[in-house]
Amino acid sequence: MEYQYPFSYDWTTDEVIDVIKFFETIEKAYEKGVSRDDVMSTYRRFKEIVPSKSEEKQLCKEFEQSSGYSSYHVVKKTKEQEKGSLIKM
């Protein structure tokens, strides 16, 4: 991994950890697959920390530019799948 995760200096340490967990889940969806439940739980927590749609788009754009992984596409696919599904991009 040759990139950094986007975060805000306004967040607490726990919030930074939870946002990084969300982005790690996105990575797993591309690299080996991850359960739908894991994606949804980390995404829900991400949205608690980043409720603003514009801030979410900015952070996900930064992550995609540095990693090549699209959070938007993973979350979109996840919402279309049934509970218990494996998400693999």
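Is isoleucine 26 buried or exposed? I looked it up: isoleucine 26 has 0% relative accessibility, so it counts as buried (buried is under 20% relative accessible area, exposed over 50%, partly exposed in between, with a 1.4 Å probe and protein chains only).

Ground rules before I go on. This is a predicted model, where local features need pLDDT of at least 70 and side-chain atom pairs count only at pLDDT 80 or more, while totals for chains, interfaces and linings use all residues. Residues are numbered from 1 along each chain as its sequence is written, and side-chain values use heavy atoms, with hydrogens and water left out.

**Entry: isoleucine 26**

I find isoleucine 26 in helix 1 (helices are DSSP runs of H or I with at least four residues, numbered from the N terminus). Not counting residues up to four places away in sequence, isoleucine 26 touches Phe63, Tyr69, Ser70, Ser71 and Val74 (contact means heavy atoms within 4.5 Å). I also checked the C-alpha to C-alpha distance to tryptophan 11: 20 Å in space, for 15 residues apart in sequence.

**Entry: helix 1 on helix 2**

I have helix 1 at residues 13-31 and helix 2 at residues 36-49, packing at an angle of about 140 degrees with their axes 9 Å apart. The axes are lines fitted to C-alpha atoms, for helices over the stretch in contact, and angles run from 0 to 180 degrees between N-to-C directions. That angle makes helix 1 oblique to helix 2 (under 35 degrees is roughly parallel, over 145 roughly antiparallel, 65 to 115 roughly perpendicular, and the rest oblique). The crossing of helix 1 and helix 2 is left-handed (the near helix is turned anticlockwise from the far one by less than a right angle; clockwise would be right-handed). Helix 1 brings Glu15, Asp18, Val19, Lys21, Phe22, Phe23 and Thr25 to meet Asp38, Val39, Thr42, Tyr43, Arg45, Phe46 and Ile49 of helix 2. By class, I read seven nonpolar, two polar and five charged residues in this contact. Ala, Val, Leu, Ile, Met, Phe, Trp, Tyr, Cys and Pro count as nonpolar, Asp, Glu, Lys and Arg as charged, and the others, Gly among them, as polar.

**Entry: helix 1 on helix 3**

Here I get an angle of about 50 degrees and axes 12 Å apart. Helix 1 and helix 3 are therefore oblique to each other, and their crossing is right-handed. Phe22, Phe23, Ile26 and Glu27 of helix 1 make the contact with Leu59, Cys60 and Phe63 of helix 3. The class count for this pair is six nonpolar, no polar and one charged.

**Entry: the core**

Which residues have the most contacts inside the largest nonpolar core? I note Trp11, Phe22, Phe23, Phe46 and Phe63, in a core of 22 residues (a set of buried Ala, Val, Leu, Ile, Met, Phe, Trp, Tyr and Cys joined through side-chain atoms within 4.5 Å). Helix 1, helix 2, helix 3 (53-67) and helix 4 (71-80) are the elements giving two or more residues to this core. Helix 1 gives the most, with six residues. I then followed phenylalanine 23: leaving aside neighbours within four places in sequence, its contacts are Tyr5, Pro6, Phe46, Leu59, Cys60, Phe63 and Ser71.

**Entry: serine 66**

Serine 66 is in helix 3 and, at 34% relative accessibility, counts as partly exposed. Leaving aside neighbours within four places in sequence, I see serine 66 in contact with Tyr3 and Gln4.
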